[in-house]
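Q: I am new to this structure and would be grateful for a close look at a single part of it. Please describe the region in one connected account.

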Amino acid sequence: MLESPLQKKRMEYKPKIPEWLDEDVCFEKVEGKKGPENIKKLFPKTFEASAYRLKKGKGKNGHVKIGVVFSGGQAAGGHNVIAGILDSGAEVIGFLGGPSGVVENKRKEIRDIHFYRNQGGFDLIGSGRTKIETEEQLKASLKACNGLDGIVIIGGDDSNTNAAIMAEYFLQHGSKTRVIGVPKTIDGDLKSEDIEISFGFDSACKTYSELIGNIARDALSAKKYYHFIKLMGRSASHITLECALQTQPNLALISEERRSLKEIVLQIANLIKRREEAGKKYGIVLIPEGLIEFVPELNELPVERDPHGNIEVSKIQTEKLIIDLVQKEVKFNVQDHFFGYEGRACMPTNFDANYCYALGKLAYLAVREELTGVICSIQHLAQPQEKWTFKMVPIVQMMHLESRLGKEKPVIKKALVDIKGKAYVKFSALRKSWELEDAYRYPGPIQFFGDPELTDSVPLSLK
Ligand code: FBP
């Protein structure tokens, strides 16, 4: 392999985690919430499971063999989760190409991860979006996991739904393989009281914010274009909100405000007219890709869905549709952009590199201590690593019944932008002033070396 100098330097980075994570540790039961009663009968073995807090103390000993699988879209830091498991002393088996690799028992042993440390992507073992739900798939997964002490599913809401279903099925069939979830997704919508943020969100938002800042500076220099920028993030607008706080565009749409298409079009047209009166024929507009799911008129368009029943929003050119409609109200020069895949497999920020390595260590400990049907939770992430706290939380707590592909299914509820939450409130207090003034911020590229204020920054929406 011919690595770039930066690739090589990043391989040498030692993720920062609390030192005590490598000492004697064990779990203690803590009071946890229960999932909704209407899913209880679907999860008879795991519904009553407790949450567990990691603490100093003597844990179990012994050799542990763990299967790992990436599930869903790429998110920066995934390889560090595997590095964390491997460095903890586990024997690691990687299932290839996502959950279908489990069902079809396509695997490889992972012994050396040097070339993947602190690198982006999921290419060590690949990823996929297969939903594991039929009896046949579950039976095949159980067989593939035979001999493993645990399987770690590194995925988003739907992948962790898979994990909960597998954990229940494995217990019902007397399997000793523990199923552990790790919260991954750039979308930031796998969130709860216990899960502050999913990994990959920080790296993706910093990548997009750099590009938005560059475009804003170009717009301000040339003064001739509006740039309509669609940002990835299925359903929820967490990415758009974070990028708006980072870059201060003239307008950022937030799907969760649930406005009609007509209102949105008139708002943008009105902004363009007011800016023109102020002598400004340029500007930056951010559009979340999930808008289509919230605007009633757009919701009726024919759409493609993935195996989990999610609308494939990244294939829909919402930004072009909005541009066409606004141009019927007012004339302006425009460029459209879509930032999505650019931010999913980038080199992880220090935040994601550290977070993922610690998630890997925690997942290993959960298997070693024989927990199952639980997801890794690390809290106080905005603080120095020594202040982080570690927990395993039953996945069923986060689930509810939802209609998917015309059927009621137990799934993890996607966490939308909370319009009473701190990040949105901050955005909403500032956004008026961004409309006419050009208050653009230029975050620049992700920094890996130098001042910790730059290298170790955390997402603004976490603060
Ligand atoms: P995950 O929820 O699996 O992490 O994927 C999120 C995402 O990146 C969305 O932001 C985007 O809409 C979608 O994946 C694109 O999917 P695909 O990779 O199948 O094109």
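A: Buried area is the accessible area, taken with a 1.4 Å probe, that two parts lose on being put together, summed over both. The model is predicted, so local features need pLDDT of at least 70 and side-chain atom pairs count only at pLDDT 80 or more, while totals for chains, interfaces and linings use all residues. Residues are numbered from 1 along each chain as its sequence is written, and side-chain values use heavy atoms, with hydrogens and water left out.

The protein is divided into domain 1 (5-200 + 348-412) and domain 2 (207-344 + 418-445), with bounds that come from an automatic or database domain assignment. Both domains give residues to the shell around the ligand, so the ligand lies between them.

The C-alpha centres of domain 1 and domain 2 are 33 Å apart. Contact, meaning heavy atoms within 4.5 Å, joins 16 residues of domain 1 to 15 residues of domain 2. Together the two domains bury about 1400 Å², of which 51% is on carbon and sulfur atoms. On the side of domain 1, R129, I186 and D187 supply 41% of the area buried against domain 2, more than any other three residues.

Between the domains there are 0 salt bridges, a salt bridge being a side-chain nitrogen of Lys or Arg within 4 Å of a carboxyl oxygen of Asp or Glu. The interface does have 4 residue pairs in polar contact, both residues at pLDDT 80 or more. A polar contact is a pair of N or O atoms within 3.5 Å; within protein, one must be able to donate a hydrogen and the other to accept it, and residues adjacent in sequence count only if both atoms are side-chain atoms. The side of domain 1 that touches domain 2 comprises 4 nonpolar, 5 polar and 7 charged residues. In this division Ala, Val, Leu, Ile, Met, Phe, Trp, Tyr, Cys and Pro count as nonpolar, Asp, Glu, Lys and Arg as charged, and the others, Gly among them, as polar.

Around the ligand there are 15 residues, the closest being G73, R129, D187, E289 and Y341; a residue is included if one of its heavy atoms lies within 4 Å. A polar backbone atom of G73 is 2.8 Å from an oxygen atom of the ligand.
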